[in-house]
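Hi there,

Here is the structure I promised to pass on to you. Have a look at it first, and then read on for what turned up in it.

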Amino acid sequence: MHFFLKVICSSLLVFIGIASTKLGAEDYTGPIIDVHLHSYDQASYWGGRTHYSGASSPKTAEEHRKATIEQMNKNKVVYAVVSGTSLSTATFTATDKRFIPGYSYNNDLPALSDFEAKLKAGEIKVFGELGTVYYGENLTHPKFDPYLALCEKYNVPVAYHTGGGPSDIHKARPDFRLIQGNPLLIEPILVKYPKLKIYLMHSGEVYYEEAVRLMVQYSNVYSDLGVLLWVNPLPKSYAVDFLKRAKVAGVLDRVMFGSDQMVWPEAISRSVDYLNSLDFLTKEEKANIFFYNAKEFFSL
């Protein structure tokens, strides 16, 4: 009897060991590219507050920069696209060569000649984040045309905000309209600039079905997951629905990891953990989202 119990217990332990190894192997632990970070100087910093999810925010812009880098180190982030004020972006990129400088649109555009000069000099390597929804616009507004033409010419990616924004944001930004975050609205741009490299930040959010369909139709369209991975339960449910549809549609190879950490650097860890928790994604699929898709898109 003892012999059989010993055999059963030994077999059970082996099975548990194999199962544990298999579960552990589902998590991706390699290098990461975060295609959606934000920077601030002290004048533009709005941190020093706790997010209702519990994420903490440093008190100063300098502490925020250091905490962001600590989170990058912790999660093996080897490259990160960052956008903010010109001063803050310059500070981030000068401090750590892993940062890829973007241009943050706040209802303003630089002189076209200055923009082209910065593209040539590598001072702007990504045109975005372009949060046009906050100003009641989308990328088809004629004022963006010459800038998009230059991005196509110099092979500079465009990072375009899709979906909505925080609750009651229209009180602070009265021109905000949720419908402007529908990614299908920019289809004329994709036809007009067929070689333009563009990614849909937040993967459409509430318009995740439209984002998947646009990606199926246009092979130059990628997406990032952004706030879908951490900010609250509703966007996290969009992340699941989007990723499942993207998998069925065969476009997971164009989905990229982005944390959109804003003033809460620990959102990077929360985003990594949540994406790793999704058991319908294989380890290989997670690796592509975390690293290889962005490596391809940004030609790193």
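Let's start with a question: which residue in β3 is the bridge partner of valine 81? The partner is isoleucine 100. Please keep in mind as you read that this is a predicted model.

That bridge belongs to the pairing of β2 (residues 77-83) with β3, which runs in the parallel sense over three bridges. Zooming out, you will find an open sheet of three strands, ordered β1-β2-β3, with parallel pairing. At its edges stand β1 (32-38) and β3 (99-101); each has a single partner strand, so one side of each is left without a neighbour in the sheet. On average, neighbouring strands here are turned by 25° against each other, direction ignored. The sheet also has a helix packed on it: α2 (residues 61-74) touches β1, β2 and β3. The direction of α2 makes about 160° with that of β1.

Next, the aromatic rings. A search of the whole structure gives 20 aromatic pairs. One of them joins tyrosine 40 and tryptophan 46, with the ring centres 6.3 Å apart and 90° between the planes, an edge-to-face arrangement. If you wonder why two numbers are quoted, a pair of aromatic rings is described by the distance of the centres and the angle of the planes.

Are these two residues buried or exposed, or something in between? Tyrosine 40 has a relative accessible area of 11%, and because buried means under 20%, tyrosine 40 is buried. Tryptophan 46 has 33% relative accessibility, so it counts as partly exposed. Both belong to one aromatic cluster, made up of Tyr40, Tyr45, Trp46, Trp230 and Trp264.

The charged end of lysine 197 sits over the ring of phenylalanine 297, at 5.0 Å from the ring centre. Likewise, the charged end of lysine 236 sits over the ring of tyrosine 274, at 4.6 Å from the centre.

Which of its residues are buried? They are Tyr208, Ala211, Val212, Leu214 and Met215. These residues cover an arc of only 165° around the axis, so they lie on the same side of α7. What do they pack against? Their partners are the helices α6 (187-192) and α8 (233-249), together with the strands β6 (198-201), β7 (221-224) and β8 (255-256).

Enjoy exploring!

Best wishes

Key. Residues are numbered from 1 along each chain as its sequence is written. This is a predicted model: local features need pLDDT of at least 70, side-chain atom pairs count only at pLDDT 80 or more; totals for chains, interfaces and linings use all residues. Side-chain values use heavy atoms; hydrogens and water are left out. Two strands pair if DSSP finds at least two bridges between them. Helices (H or I, at least four residues) and strands (E, at least two) are DSSP runs, numbered from the N terminus. Axes are lines fitted to C-alpha atoms, for helices over the stretch in contact, and angles run from 0 to 180 degrees between N-to-C directions. Contact means heavy atoms within 4.5 Å. Rings of Phe, Tyr and Trp (its six-membered ring) pair if their centres lie within 6.5 Å; planes under 30 degrees apart count as stacked, over 60 as edge-to-face and the rest as tilted. Buried means under 20% relative accessible area, exposed over 50%, partly exposed in between (1.4 Å probe, protein chains only). A charge sits over a ring if NZ of Lys or CZ of Arg is within 6 Å of the ring centre and within 35 degrees of the ring normal. The arc is that of the directions from the helix axis to the C-beta atoms.
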